Amino acid sequence: MVRNYIVTALRNFTKNKFFTFINIFGLSIGIACSILILLWVSNELSFDKFHPKADRLYQVWVNTDFNNTIHTWPSLPLPTHAALKTEDSNIKNTAITDRGAEHLLTVGEKKLIMNGMSVSEAFLTMFEFPLIYGDATTVLTDPTSIVITESTAKAFFGDEDPTNKMIRVDDQGELKIVGILEDIPKNSTFEFDFLLPWKYKRKMESWIVDNEDLWRGYMFPAYVELNDGSNKSDVDLSIKNVLVDHGMEDMSPELFLYPMDRWRLHSRFDNGVEKGGLSDFVQLFSLIAVFIIVIACINFINLSTARSEKRAKEVGIRKSVGSNRFNLVMQFIAESMIISFLAYILAVFIAELALPFYNNLVEKELFIDYRSWIFWSFSIAMIGVAGLVSGSYPAFYLSAFKPIKVLKGKIQVGRNANLPRKILVTLQFGFSILLIIGTIVIYQQIQLVKNRHLGYDQANLISVELNDELSKNYQVLKNELLQSGIVEATTISDCPITKVMNNQFLSWPGKPEDSEVAFANIRCRYDYTKTMGIQMLDGRDFSEDFVSDSTAIIVNKAGLDLMQLDDPIGAELDLGWTKRTIIGITDDVLMESPYHDVRPMFMLLGDSYGVMSIRIKETKDLQLTLKTIGKVFNKYNSTYPFEYTFTDVAFQKKFSTINLSSKLASLFATLTIMITGLGLFGLAAYTTEQRTKEIGVRKVMGATVLSIIKLISMDFTRLVMLAFLLAAPIGWWLLNMYLDRYPIRIDIQFWIFPFTGLFALAFALSIVVTQALKAAHTNPAHSLRNE
């Protein structure tokens, strides 16, 4: 019986090559899109799942209350991680880390810049990154040791055994390799090429030792491992008031444990409540994957039911010779399963061809793992679901025909027989219209934030990470760069202009007692505003001509608006540990998220620096200019390679997530429209084929080509218009919910909806009209000859 089903199905495919091609190709494109989307979704969902103790590992976060708003972040005072060990018996281990940084590693003549983290002793015991060599309990106890990954070992030592060999870090000291880790998985929150013991960081950075017992400032992330993850709520209560108990009563800070399985996708908080994050995009594109599969299946259903009259006699004959309805249903289901199987094979081939382009788009290294049981389970499920969804309705619809009426040629499909097909076409275009509207709105949102007033000039501005040698030689380096004639200005600061590293509360004359606002703060040297291209709105910049500037402060416009000082120049601000006099007001500078308002900010002359910024003069040969700058740097910093970052490139990284969503939405909207168009093409071709006799009669009776086109197009026009009327309000509602996550957002413009509706209608008519024209120009003598 099964063999008969397959043979019959293959014969039917051969007889109807055109419609079989549309079914298989349309379904394969839909499945390929879904495979690509689900590869990305699966990768995002897999983050940190490889840790054996993932269900017992937590990061310690803090909620702070100021200005009647709860702010949430993951940085804590230095003593916190040690204090947590004694707060609850269910806390098994704690660890502290820095956020990682690039370091120069040297072995012999080979020098490489690599990313490393400083971590406390329990880090590897807690997170259990697999060690090829070394003991997780001891490799991080010695301040003269280092743990490297397998790739780092390969880069420096090739096939030699690197254990117990020495490696120089930042030209500051030789460390012994006591551990070798397997390469860190790409789906890990932690990214590093080597680990340094926390004791080494204490040794090299004396300020850490000075602050280890001081409960102030929020500096480093801390992690805990519980004996039993089910007791998390009890531990939350135990640690809640740790900071308050140690004298940090300002802002009423409350600690809580944030589970590892939520770090990647759910780390966005609003007023102390988790409000999603990357999970929103995972859900969005999972939904798009389902939409695309449904649209592809709709093509199959529509074409199968539309061709019902062609197969009516087959059904009648089969029933008359003894076939029951179950056999007929199985026959049609078998056909759809075969189409689904062939489409899936083609889809995997298409996905493999598209993966290099797709990986470049999503900035990942995705691949189809043919050895995974998940892949084969997914394949079987996809083939089965697509086959059943596509074939069930046509199977039950066609098998219901009465053999006597069919064989007499009196089959009546009924006035509502086309209703399901019309509903499905409407759904197809509704989904397509939703995706088009979404693509336009996301693009406009990106353009809004990209075109915001920055408050500084990104053009020809580069930044260089400072080290001890550069900091020591800064002044002579600056002088030589300015004398070279290729540099307009330079300065140094504690952070690049694309991010804020420090926040601080301050008081001003007339400040309300219940008002607490965290000002972003920058410590810089002279020529900061000149180098960055920041406009001074009032007063002046720091200057070497004024010795008193060591006690001066500059605030931005947002800060001035908050303080509401009528005569700000000369006003005294209290920073808690010192008082400073305002000497200038700058324009607002967009340093943080482009989706939020610029926060109040102040600048101080300071002695803690990490970045040198250089404004290059206009040049026709930028590479030559950079090469010249590099030579000057190498003169005073020969140990390190000259590495720089363009400020505009760093700024663009702030849009990585929304840019990705825009590109993916545009890509899959285009493919969805293509699949819809493919199905519409097949349906229009079959419709005109079925109405060949009617069109012939109308032409004989004097109908014009235009009237025939109008006749065939009208039904499709109504369906597209209905799809638009349904999709437009739904799209408006969904997109407003999406945009509400951004404080800086567009208002959805009215013109988007009629534009999208007209585009969808024009697209549909361009397909239908081509088939209508073909039918309208057919000689009626040929179409009526067979009657």
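Guide: Start with Arg264, which is partly exposed, with a relative accessible area of 31%. Keep in mind that this is a predicted model.

Visitor: Which residue does Arg264 form a salt bridge with?
Guide: Glu44 is the partner, and the closest N and O atoms are 2.7 Å apart.

Visitor: Is Glu44 buried or exposed?
Guide: Glu44 is buried, because its relative accessible area is 3% and buried means under 20%.

Visitor: How many salt bridges are there in the whole structure?
Guide: A search finds 27. One of them joins the side chains of Glu469 and Lys472, at 3.5 Å from N to O.

Visitor: How are Glu469 and Lys472 placed in helix H16?
Guide: They are three residues apart in helix H16 (residues 468–472), which means about one helical turn separates them. Glu469 is partly exposed at 33% relative accessibility, and Lys472 is exposed at 60%.

Visitor: Which residues are linked in a network of salt bridges?
Guide: Lys53, Arg56, Lys92, Glu128 and Glu225 are.

Visitor: New topic. Which residues gather in a patch of negative charge on the surface?
Guide: Glu249, Asp250, Glu513, Asp514 and Glu516. Asp514 is in the loop between strand E17 (502–505) and strand E18 (518–524), and it is exposed, with a relative accessible area of 64%.

Key
Residues are numbered from 1 along each chain as its sequence is written. This is a predicted model: local features need pLDDT of at least 70, side-chain atom pairs count only at pLDDT 80 or more; totals for chains, interfaces and linings use all residues. Side-chain values use heavy atoms; hydrogens and water are left out. Patches are made of residues with over 30% relative accessible area and no salt bridge: like charges are joined within 9 Å, nonpolar side chains (Val, Leu, Ile, Met, Phe, Trp, Tyr) within 5 Å. Accessible areas come from the Shrake-Rupley method with a 1.4 Å probe; for residues, only the protein chains shown count as cover. A salt bridge is a side-chain nitrogen of Lys or Arg within 4 Å of a carboxyl oxygen of Asp or Glu. Lys and Arg count as positive and Asp and Glu as negative; His and the chain ends are not counted. The place of a charge is taken as NZ of Lys, CZ of Arg, CG of Asp or CD of Glu. Helices (H or I, at least four residues) and strands (E, at least two) are DSSP runs, numbered from the N terminus. Buried means under 20% relative accessible area, exposed over 50%, partly exposed in between (1.4 Å probe, protein chains only).
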